[in-house]
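Open the model in your viewer and keep the selection tool at hand. Each stop below says what to pick and what is there.

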Amino acid sequence: MKKITINRALAAKKKVFTVLMLVASVFTVSARELHADLSQATPVGDNASWDAATNTFSWTAGNSARIQITDIVGDGDLSAWDTLVLVTENYEDSYRLDIELQDGTVIQGTSGWGKFYSAGTKKMALAEQLAEDKITSVKNIRINTNSGSGSIVIKDLYLLNDEAEPQYFEKVCQGFKAVKNNNKCSYDTTTHTFAWTAADANAMRIFKLNAGNLAAYQTLVLTTADFRSENEVGTNDLKYSILFMGENNTKIKEKSFASVGTKTIVLTDEMAADELASVVEIRFAGSCAQGSLVINPSDIKLIGEGEEAPVDDPDEEEEIGQGVEEVKATGKAYKTIENGQLIISRNGVHFDLTGKVVK
């Protein structure tokens, strides 16, 4: 079984944000390593022998004997790694480490890098042997004979990056909250339905932030489903929006979507540094005359990478998106959707959004 202590996506330096811990918590490790599965090593040459049970590479006369290791090479791009580490024991005669490139070129180990006359742990800086145009096109790594006959036990072979694993954290939406003049929308936690009847005053807050804290996050990810609209087809495009708000109810940026599914907003693509620093609220809103969709607060997340998760002031305002049955029990008015219409109910009496009683 291959030992892998880092996601390959990270090894390739791809910006894949993986949720590792809960809100305001951070994960880190001391270094990143990718270990070869030595049971998959392949002997090459009639004079080469590989005993997978004991990890012993042995050879007879001739310098062509070798074992090839390809599983840690991946797509050939080793630029995310600093060091190649080879651990051996039971030395009998000299051996070397070679690297074959995608075009068939073989870079042989030398006395300064990759040729050994003893067992033990050997650390080789990749940049010393592979130029920038070669480190991205590796085909395989070889343990090669460098003597007439001999053997060596290969205990481990792995790639190493001495830098700490990046720290990831996330802030998860805790619910939809009322904001000023949002009497044209509602959220039902029983069905996870966000509904609206007008293109103005239809936003609810999903995050409250201290000014400057949004800059600690890289992405906002949300997942929506079940778009519904009573608009005539072709008359209005049904959309929903994420609103980034500053102080005094100032809209800094609006990002709209016309389809459901998982959406990722890269914050630095949408706003300049000074705009990110001024955001104190993020809101969810409808963007057309009337519609609804399904979205669970737990599927709305800010994801960051850095030294530590920012700390926000606790939000003590009452959630508007609580379950209908819970609100009924209190005798308070609540919003709901009946026959496709958004209505307000109190003690069994239904009102439309103008205050008119409806049956």
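**Confidence**

This is a predicted model. Colour the protein chain by pLDDT. Its mean is 78, and 72% of the residues reach 70 or more. Now select residues 1-30. Here pLDDT stays under 50, and the model has 74 contacts beyond four places in sequence for this stretch. Go on to residues 316-332. There, too, pLDDT stays under 50, with 34 contacts beyond four places in sequence. Read both stretches with care.

**The largest nonpolar core**

Select Phe57, Leu84, Leu86, Leu97, Ile143 and Leu157. These residues touch the most other members of the largest nonpolar core, which holds 36 residues. Two or more core residues come from each of E3 (48-51), E4 (56-59), E5 (66-69), E6 (83-89), E7 (95-101), E11 (138-145) and E12 (150-161).

Zoom in on leucine 84. Which residues is leucine 84 in contact with, leaving aside neighbours within four places in sequence? The contacts are Leu97, Trp113, Lys122, Lys123, Met124, Leu126, Ile141, Leu157, Tyr158 and Leu159.

Another core lies apart from the largest one.

**Aromatic rings**

Show the aromatic side chains. The model has 11 aromatic pairs. Pick phenylalanine 57 and tryptophan 59 to see one of them. Their ring centres are 4.9 Å apart, with 40° between the planes, and the pair is tilted. Both phenylalanine 57 and tryptophan 59 are buried.

Now take phenylalanine 169 and tyrosine 217. This pair is edge-to-face, at 5.6 Å centre to centre and 75° between the planes. Phenylalanine 169 sits in strand E13 (residues 168-172) and tyrosine 217 in strand E17 (residues 217-228), so the pair ties together parts 48 residues apart in sequence.

Then select Phe176, Tyr187, Phe194, Trp196, Tyr240, Phe257 and Phe284 together. Ring pairs link these residues into a cluster.

**A four-stranded sheet**

Switch to a cartoon view. Look for an open sheet of four strands, in the order E16-E21-E18-E19, with antiparallel pairing. Which strands form the edges? They are E16 (203-208) and E19 (251-257), each pairing on one side only. On average, neighbouring strands of this sheet are turned by 25° against each other, direction ignored.

Focus on E18 (residues 240-245) and E21 (residues 281-286). Six bridges join these antiparallel strands. Tyrosine 240 stands opposite glycine 286 in E21. Tyr240 is also one of the residues in the ring cluster.

**Two loops with a positive phi**

Select histidine 192. This residue lies in the loop between E14 (185-188) and E15 (193-196). Its phi is positive, at about 55°, although histidine 192 is not a glycine. Histidine 192 is partly exposed, with a relative accessible area of 26%.

Finish at asparagine 249, in the loop between E18 and E19. Asparagine 249 has a positive phi near 60°, and this residue is not a glycine either. At 48% relative accessibility, asparagine 249 counts as partly exposed.

Key. Residues are numbered from 1 along each chain as its sequence is written. This is a predicted model: local features need pLDDT of at least 70, side-chain atom pairs count only at pLDDT 80 or more; totals for chains, interfaces and linings use all residues. Side-chain values use heavy atoms; hydrogens and water are left out. pLDDT is the predictor's confidence in each residue, from 0 to 100. Contact means heavy atoms within 4.5 Å. Rings of Phe, Tyr and Trp (its six-membered ring) pair if their centres lie within 6.5 Å; planes under 30 degrees apart count as stacked, over 60 as edge-to-face and the rest as tilted. Buried means under 20% relative accessible area, exposed over 50%, partly exposed in between (1.4 Å probe, protein chains only). Two strands pair if DSSP finds at least two bridges between them. Axes are lines fitted to C-alpha atoms, for helices over the stretch in contact, and angles run from 0 to 180 degrees between N-to-C directions. A nonpolar core is a set of buried Ala, Val, Leu, Ile, Met, Phe, Trp, Tyr and Cys residues joined through side-chain atoms within 4.5 Å.
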